[in-house]
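Trainee: I would like to learn how to read aromatic pairs. Please show me the model.

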Amino acid sequence: MPKTVSILIGTLGILALIYAVIFGRAVTQKENHVGILLTLPEVLMSSTHVGKVDNTTYLSQSPIDFIAVMKTKGFEHQEQLGSAHFFMKNSQRFVSQSRMYSSYFMLFQNPVPQN
């Protein structure tokens, strides 16, 4: 039994080290780190390369992948202005804000109607 516990602790330590290497500077941000950590395998292994962190946030490696996922949800990408992505759906304009989470991943907000 102690050997199994040692293996489990060692594995968790290695996973924590890998997370720290990938997201080292991002850990100080006020984000849902547990949700992002749980979404990471989906982003890396899925064909869309986009994962839903929570009800309002998506994790992706590129804006192109995020735009493709939004297209499957009926949104038509109009333009990008800085970190804002503008979409149309049912003749209504929506906006999604994006920001870098780490050197390799971006967070995107669920598109919301623009006033």
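Trainee: Is phenylalanine 94 buried or exposed?

Mentor: Buried means under 20% relative accessible area, exposed over 50%, partly exposed in between (1.4 Å probe, protein chains only). Phenylalanine 94 has 12% relative accessibility, so it counts as buried. One caution: this is a predicted model, where local features need pLDDT of at least 70, side-chain atom pairs count only at pLDDT 80 or more, and totals for chains, interfaces and linings use all residues. Residues are numbered from 1 along each chain as its sequence is written, and side-chain values use heavy atoms, leaving out hydrogens and water.

Trainee: How many aromatic pairs does a search of the whole structure find?

Mentor: Rings of Phe, Tyr and Trp (its six-membered ring) pair if their centres lie within 6.5 Å; planes under 30 degrees apart are stacked, over 60 edge-to-face, the rest tilted. The search finds 5 aromatic pairs. One of them joins phenylalanine 75 and phenylalanine 87, edge-to-face, at 5.9 Å centre to centre and 70 degrees between the planes.

Trainee: Where do phenylalanine 75 and phenylalanine 87 lie?

Mentor: Helices (H or I, at least four residues) and strands (E, at least two) are DSSP runs, numbered from the N terminus. Phenylalanine 75 is in the loop between helix 3 (63-72) and strand 3 (76-81). Phenylalanine 87 is in strand 4 (residues 84-89), 12 residues apart from its partner. Phenylalanine 87 is buried at 0% relative accessibility.

Trainee: Why is the pair of phenylalanine 75 and phenylalanine 94 edge-to-face?

Mentor: Their planes are at 85 degrees, with centres 5.1 Å apart, so the pair is edge-to-face.
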